[in-house]
Amino acid sequence: MSTIIAIDTSSDIASVALMCGETVQSASSEGFSNHSLTALPMLQKLLEKNSLTVAGCDAIAFGCGPGSFTGLRTACGIAQGLSFATSLPVIPVVTLEAMAQTCHEKTGATDVLSLLDARMHEVYWAQYRYENGRWKTVTEPSLGSASGVTPEGKPVFCGNGLSAYAGELAPVAGESLRYPDIYPHAEAIARLGKIRLERGETVTAKEIQPLYLRNKVALKTAERLAIKEKTA
């Protein structure tokens with residue numbers, strides 16, 4: 001029976017999870033500015049509750065991105081630090097796939113397009129299809145305008161990008177089911193991590209890298225004004 005630690009700080013909500021066998025326990029907190037302060041204490045409480053230590057677990061899974069630049073660095077740093085200290089293997093999980101997993105668990109959807117608000121009037125998005133007990137990537141993680149999202153077939157849509165850019169996504173999503181309240185979470189990352197651990201799909205602390213899709217982290221004043229005029 002494997003025990004997996006999972007961490008995600010890619011969005012407004014930071015979450016940690018502990019998966020023992022098939023049982024998952026988790027904790028979460030809100031606010032980007034607090035992620036670096038809350039993630040480790042939440043994890044420590046989960047471990048203490050189950051009389052475990054990090055070294056007593058089997059692997060560390062984390063949301064590698066895409067997502068908040070600072071948030072991804074936080075999750076990577078925590079996973080890397082814990083791995084260096086214990087030599088545990090690490091399992092990077094794409095946040096958009098974790099969202100698809102959550103959508104599948106909540107709704108039964110097997111064709112999911114995940115949308116995460118990337119700020120700067122853009123979204124991170126990818127499409128996944130659940131086949132034979134695992135997710136197939138239909139469209140690789142991308143960054144672009146909401147109106148430029150191109151679904152294949154008629155997937156279910158999920159993620160806060162639906163709320164942030166509802167107008168632009170209306171013609172894209174059409175009559176497809178939409179679940180805007182789904183976000184990356186450590187519970188889904190733990191479940192996906194368990195599958196990857198069983199397949200031997202792990203990396204070492206030295207190999208950890210966040211999935212960045214954007215080089216710029218802020219818009220210049222002129223660029224913000226141009227977007228404002230365009231959407232007015």
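**Exercise 1. A strand pair and its sheet**

Which residue in β3 is the bridge partner of Ala-17?

*Before you start.* The model is predicted, so local features need pLDDT of at least 70 and side-chain atom pairs count only at pLDDT 80 or more, while totals for chains, interfaces and linings use all residues. Residues are numbered from 1 along each chain as its sequence is written, and side-chain values use heavy atoms, with hydrogens and water left out.

*Solution.* 
- Step 1. Know the terms. Strands (E, at least two residues) and helices (H or I, at least four) are DSSP runs, numbered from the N terminus. Two strands pair if DSSP finds at least two bridges between them.
- Step 2. Strands of a sheet pair through backbone hydrogen bonds, either parallel or antiparallel.
- Step 3. Place the strands. β3-β2-β1-β4-β5 is the order of an open sheet of 5 strands with mixed pairing. β3 (23-30) and β5 (90-94) are at the edges with a single partner strand each, so one side of each has no neighbour in the sheet. On average, neighbouring strands here are turned by 20° against each other, direction ignored.
- Step 4. Look at the pair. β2 and β3 run antiparallel, joined by 8 bridges.
- Step 5. Read off the partner. Ser-26 in β3 is the bridge partner of Ala-17.

**Exercise 2. Salt bridges**

How many salt bridges are there? Are Arg-196 and Glu-97 buried or exposed?

*Solution.* 
- Step 1. Apply the rule. A salt bridge is a side-chain nitrogen of Lys or Arg within 4 Å of a carboxyl oxygen of Asp or Glu. The count is 10 salt bridges.
- Step 2. Take one pair. Arg-196 and Glu-97 form a salt bridge, at 2.9 Å from N to O. Arg-196 lies in helix α6 (residues 186-198) and Glu-97 in helix α3 (residues 95-107), 99 residues apart.
- Step 3. Check burial. Buried means under 20% relative accessible area, exposed over 50%, partly exposed in between (1.4 Å probe, protein chains only). Both Arg-196 and Glu-97 are buried.
- Step 4. Take another pair. Arg-191 and Glu-105 form a salt bridge, with their closest N and O atoms 3.2 Å apart. Arg-191 is in helix α6, Glu-105 in helix α3, 86 residues apart. Arg-191 counts as partly exposed because its relative accessibility is 25%. Glu-105, at 37%, is partly exposed too.

**Exercise 3. Core and cysteines**

Which residues touch the most other members of the largest nonpolar core? How many disulfides does the structure hold?

*Solution.* 
- Step 1. Define the core: buried Ala, Val, Leu, Ile, Met, Phe, Trp, Tyr and Cys residues joined through side-chain atoms within 4.5 Å.
- Step 2. Find the centre of contacts. Among its 55 residues, Ile-5, Ile-7, Phe-62 and Leu-96 touch the most other members. β2 supplies the largest share, 6 residues.
- Step 3. Count disulfides. A disulfide is a pair of cysteine sulfur atoms within 2.5 Å. The structure holds 0.
- Step 4. Explain it for one cysteine. The sulfur of Cys-103 has its closest cysteine sulfur in Cys-158, 4.5 Å away, so it is too far for a bond. Cys-103 is buried, at 0% relative accessibility. Cys-158 is also buried, at 0%.

Key. Axes fitted to C-alpha atoms, helices over the stretch in contact; angles between N-to-C directions.
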